[in-house]
Amino acid sequence: MSGLLASIVDGILVGSVYGMAAMGLTLIWGVMDVINLSHGALIVGGMFALYLIAAALGLSAYAILPSAVVIGFGAGVVLYWLAVHRMIGRAPLMSLLSTFAANLVLIGIGTALWGTVLFNVPVSLPGLRLGGYTFPGTHLMAAALTGFVAVVLYLFMQHTRPGKAIRAVAGNRVAAELVGIPTRRVLASAFGLGAALACVSGALIATMFPFTVLSGDAYQLKSFVVTVLGGLGNPAGALLGGVALGLLEGLVTPFMPVSWTSVIEFVLFIIVLVAFPRGLFNFVFRRS
Amino acid sequence: MAALDILRRPFFWVIVTATAAFAIVPVTTGDVELREGLVLAAIYIVLASNLNLMIGYAGYVNFGSIVFFGLGGYIGVYLISSLHWHPLAASVAAGVVVSALAMLLGLGILRLRGPYFALATIGVNEAVQAFVSNFTPWGGASGIYISIDSFRSLGGPGPALWVIYFILVAIMGVSLLLAYGIKISKFGLGLLAIGQNEDAAAVLGVPTPLYKAAIYGISAFLPAMAGCFYFFKSAFIQPVDAFDLGLSVEAIVMIMLGGQGTVSGVALGAFFYEELRGWLLTSESFAHFQLVVSGALLLLIVTFAPSGLMGWIHRRWPATRRLLE
């Protein structure tokens, strides 16, 4: 029983990082109605940024995280102008395809540069021993940092001008333009913010697990599941959804082979999409 | 008789001629390499053409259409290798089962609009792939190998490849004719109406849930049959190849390249894309860049030429509109 509990707690810790990845996806989706299919590439970007900078400068992984934020933001803005800007307001298929095209290009360059080899960022952090089980220090740190980032994001969105501008554009783009908000710049920075969240979550995942250039796909799919659970455009829901997904994984892995967890995740994904289109948490908490 | 009106349309004969050319040219030249190249082109045309029924006609973007191909492949290969069915019977059975499953699934997910539907189809493909990877009667993650004996029903391994080639070309021809036939029928008119504005179509009396489920099921049938023959021909099937989401998206690129909603455009798009892909994979400098080139191409098409090759041809030479629909 206590083994199950330990698994669940660990699942919640890791799940919070999935939640942060999904926060980036859901932010972009909520603000400009674009599903970013290059999300996975951005996560991998964060992983490799951490790896390369750690190797080059020899700094501790956690000290490099702020640079992942900056790199992610820059990449997001560039991606916005190249692939997304002209697709705003057009049929949804167009932005799906353009972001997917960007994903193909990025992953293609990635595999050309680094192949499909496994990479690992060695991080040594003492774990926490509780009742015979050790919770990895990296997992605890990742969850703590995710909480920190979530709080910072909340404060940013609620109490700063740029944050309020993003919320205004998300609410009603035309009205925002009429009151003088430079919507294109705001959209670009919102995309950058979403990309930064993806990059940082990738960097955190890199501290916990080994990765390849192709790992982004799996985490992108998890992000979709989490976003759908939490309701699109709802960053708090995304965090909760991530924790819920982590909890589910923790619950399931002691009982069946690891490969079955993906089946359960995807079936859950489809069921939630069809039965709760506004997200499971919107349904449960009855928000409008 | 109204059904035979199609014989009077010039495009019908264009399709028949093209299919005949596919069948005859490799035979007369005896060129096996050409046959292998054309068989891949034929399969791509089948995939793209049937996907176009969903994307170009009904306006529902199926991102995971490869699941029909893969599942049809698995059912067909299993029937042939374990239960010793004849390949033709196996492929028809695969087509029927996958179509029926698609219609059933469609009842659930076709309620979703736009990007939600696209995501759901990705979810379906991943769920089926994850399931098959764990399903031991179908070989799990290692897949199923087909023994040489299974080819005896078609005359042995050598002749079997030719027979399979002709069958796949026939499936390609049927796909194109099906797409054209639907386009000029009342059913097709209803689908196009759904694609333009689903709610208005429903208000005007188009039975939208029925039509959507029907076209989703129809779009699964021929790819499932093609999948059965493709994997039978390869004598090996495994989940990673059968449910390759990348191939699904390449089918979408082919459709966009050629011009969504048109029959000839999609076929041409599939053909050119297959040639491009083959050239990229074998050229020295571009081998690793195949995905990059595909991605860049897709981005350019979506940004600057969303109506594709046929869109441009139809605008430039309006006379082709009747000839190459």
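## Where chain B meets chain A

In this predicted model, 34 residues of chain B are in contact with 32 residues of chain A, two residues being in contact if their C-beta atoms, placed from the backbone, lie within 7 Å. On the side of chain B that touches chain A, at least two residues each are supplied by α4 (87-109), α5 (114-134), α11 (245-258) and α13 (290-304) of chain B, where helices (H or I, at least four residues) and strands (E, at least two) are DSSP runs numbered from the N terminus. Of these, α5(B) gives the most, with 14 residues.

The residues on this side of chain B divide into 23 nonpolar, nine polar and two charged. In this division Ala, Val, Leu, Ile, Met, Phe, Trp, Tyr, Cys and Pro count as nonpolar, Asp, Glu, Lys and Arg as charged, and the others, Gly among them, as polar.

## Numbering and confidence

Residues are numbered from 1 along each chain as its sequence is written, while chains are lettered from A and ligands numbered from 1 in the order in which they are written. This is a predicted model, in which local features need pLDDT of at least 70 and side-chain atom pairs count only at pLDDT 80 or more, whereas totals for chains, interfaces and linings use all residues.

The predictor's confidence in each residue, from 0 to 100, is called pLDDT, and chain A averages a pLDDT of 87, with 97% of the residues scoring at least 70. Within chain A, confidence is highest in helix α8 (residues 183-208), at a mean of 93, and lowest in helix α12 (residues 280-285), at 66. Where pLDDT is low, the predicted coordinates should not be read in detail.

## Helix pairs in chain B

Two of the helices that supply residues to the side of chain B touching chain A, α11(B) and α13(B), also pack against each other at an angle of about 40°, with their axes 10 Å apart. Axes are lines fitted to C-alpha atoms, for helices over the stretch in contact, and angles run from 0 to 180 degrees between N-to-C directions. That angle makes α11(B) oblique to α13(B), since angles under 35 degrees count as roughly parallel, over 145 as roughly antiparallel, 65 to 115 as roughly perpendicular and the rest as oblique. The crossing of α11(B) and α13(B) is left-handed, a term used if the near helix is turned anticlockwise from the far one by less than a right angle, with right-handed used if clockwise. From α11(B) the contact takes Glu250(B), Val253(B), Met256(B) and Leu257(B), and from α13(B) it takes Ser294(B), Leu297(B), Leu298(B), Ile301(B) and Val302(B); by class, the contact has seven nonpolar, one polar and one charged residues.

Helix α7 (residues 186-196) and helix α9 (residues 208-234) of chain B pack at an angle of about 105°, with their axes 10 Å apart, which means that α7(B) is roughly perpendicular to α9(B). Here Phe187(B), Gly190(B), Leu191(B) and Ile194(B) of α7(B) meet Thr208(B), Tyr211(B), Lys212(B) and Ile215(B) of α9(B), and the residues of this contact divide into five nonpolar, two polar and one charged.

## A helix pair in chain A

In chain A, the axes of α1(A) and helix α5 (residues 137-159) come within 9 Å and cross at roughly 40°, and the crossing of α1(A) and α5(A) is left-handed. By class, the contact of α1(A) with α5(A) has ten nonpolar, four polar and one charged residues.

## Two buried residues

His39(A), found in helix α2 of chain A, counts as buried with 31 C-beta neighbours inside 10 Å; a residue is buried if 20 or more other C-beta atoms lie within 10 Å of its own, exposed if 12 or fewer, and partly exposed in between, with C-beta atoms placed from the backbone. Although His39(A) and Gly216(A) are 177 residues apart in sequence, they are 7.8 Å apart in space, C-alpha to C-alpha. Not counting residues up to four places away in sequence, His39(A) touches Gly24(A), Leu25(A), Ala198(A), Gln220(A) and Ser223(A).

Ala102(B), in helix α4 of chain B, also counts as buried, with 26 C-beta neighbours inside 10 Å. With residues up to four places away in sequence left out, Ala102(B) touches Phe68(B), Tyr216(B), Gly217(B) and Ala220(B).

## Positive phi in two loops

Most residues other than glycine have a negative phi, and most peptide bonds are trans. Asp33(A), although not a glycine, has a positive phi of about 60°; Asp33(A) lies in the loop between α1 (2-32) and α2 (39-57) of chain A and is partly exposed, with 18 other C-beta atoms within 10 Å. His84(B), not a glycine either, has a positive phi of about 55°; His84(B) is found in the loop between α3 (66-81) and α4 of chain B and is exposed, with 11 other C-beta atoms within 10 Å.
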